[in-house]
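Subject: Structure for your review

Dear colleague,

Please find below the sequence and structure that I am handing over to you. My notes on what was found follow directly after them.

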Amino acid sequence: MSVKQINIALQGGGAHGAFTWGVLDRLLDDEDIEIAAISGTSAGALNGAAYKSGWLKGGRDGARANLDWLWSKMGALQDTPATRWMTGLSPATAAVSAALESSVAYGVADAVSRLTSPYAFGPFYTNPLTSIAEAFDYDSVCASDGPRLFVGATNVRTGKIRVFTGHDISTGALLASACLPTLFQAVEIEDPATGTIEAYWDGGYSGNPALFPLFEPELPADIMIVNINPIIRDDLPRSPNQIQNRINEISFNASLLRELRAIAFVKRLLAQGALTPGTMKDVLVHMISDDPLMNDLSVATKIMPNPVLLARLKASGRASADAFLAAHKEDLNQRGTVDLAQMLA
């Protein structure tokens, strides 16, 4: 079988990015699939950087090892019979999520984030992700070899997305992509086009993740979106935390849905003959997600990594990718597998 080249688009969602870890881990098992480009936001950007730098150092095994390293820094335990036993005997996911949401630690952190600014800590402020972002090998992350990497962040002044790629990707760019403004101070980075210093917040506000960098003609038509913010949540949120969580999910999916509408519009024009084939890219959209699991989680589980939940998220990511490949591997490079009309209706 010939190698199927695809692009992947990795959403942000804090600790829920462990789901993407599992998806990438499963894709690395399949030597018939090669990732040509990665667009990532927040946790998706960190996953993308870990994948690319590991790939360039050691191929598939190197990418897997680097992703394992990243999530061990986030609090994941090594996958052993003992840890699998612990995960299996732990309470149901919804119960673990509820316990975290009602914990004193989360209550204090939530109250502080609502009543104070990250700037109130003055010289005592630190970004807990700094040590992780600094540990990446940027010669590999920024290299022209291997999958192309695009990292999205939101310009605070303009509200527009900035996509970092190549040698523009840095510790600051990864921190900016994951900068929730209620928790972290804005990350300041020089704009090479103007020479001015711009402040950046989480890329999820303007592109979660940005799809348009993957439209370049030399890249494959297939975009596989790893979605970790549920698009559908049937239950009406009633508690303050549930309402805040759903606001977060809706706002972090809004930019993705806008880009999917643009793709659907172009596909309709191509199908109707209103556009000449080749003038616009006919993007083939795929999606891997587990909305039932994500519906059991909350904003608390995004910002408070729990070893049990990280293990379950990774396992779910692997299982979801496995199910996708079983059903749709032959569709890659042939046709999209997302019914955009139904999704966007």
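Helix H9 has a kink of about 35 degrees, centred on Ala254; the bend at a residue is the angle between axes fitted to the seven residues ending there and the seven starting there. After H9 comes Gly273, with a positive phi near 80 degrees. Helices (H or I, at least four residues) and strands (E, at least two) are DSSP runs, numbered from the N terminus.

Please note that this is a predicted model, in which local features need pLDDT of at least 70 and side-chain atom pairs count only at pLDDT 80 or more, while totals for chains, interfaces and linings use all residues. Residues are numbered from 1 along each chain as its sequence is written, and side-chain values use heavy atoms, with hydrogens and water left out.

Pockets and cavity

On a 1 Å grid over the protein atoms alone, a pocket is an open set of points with protein on both sides within 12 Å along at least five of seven lines, whereas a cavity is a set where a 1.4 Å probe fits but cannot get out; lining residues have an atom within 4 Å of a point. Grid points are joined across faces, edges and corners, and a volume is the space filled by probe spheres set on the points.

The largest pocket holds about 1,200 Å³ of space. It is lined by 43 residues, and Leu180, Thr182, Leu183, Phe184 and Ile303 are the closest to its centre. Helix H5 (104-115) contributes the most to this lining, with 6 residues. The lining of the largest pocket comprises 27 nonpolar, 11 polar and 5 charged residues. Here Ala, Val, Leu, Ile, Met, Phe, Trp, Tyr, Cys and Pro count as nonpolar, Asp, Glu, Lys and Arg as charged, and the others, Gly among them, as polar.

The second largest pocket has about 370 Å³. Of its 17 lining residues, Leu77, Gln78, Asp79, Ala311 and Lys314 lie nearest the centre, and H12 gives the most, with 5 residues.

There is 1 cavity of 30 Å³ or more. Its lining is formed by Leu27, Leu28, Ile33, Glu34, Ile35, Tyr51, Trp55 and Arg60, with strand E2 (33-41) and helix H2 (43-74) each giving two or more of these residues.

Cysteines

The structure has 0 disulfides, a disulfide being a pair of cysteine sulfur atoms within 2.5 Å. The sulfur of Cys142 lies 20 Å from that of Cys179, its closest cysteine sulfur, which is too far for a bond. Cys142 is buried at 6% relative accessibility, and Cys179 is buried at 0%. Buried means under 20% relative accessible area, exposed over 50%, and partly exposed in between (1.4 Å probe, protein chains only).

Backbone details

Asn208 and Pro209 are joined by a cis peptide bond, with omega about -10 degrees; Pro209 sits in the loop between strand E6 (197-202) and strand E7 (222-226). Ser42, in the loop between E2 and H2, has a positive phi near 55 degrees and is buried at 7% relative accessibility. Asn333 has a positive phi near 70 degrees and is partly exposed, at 33%.

Yours sincerely
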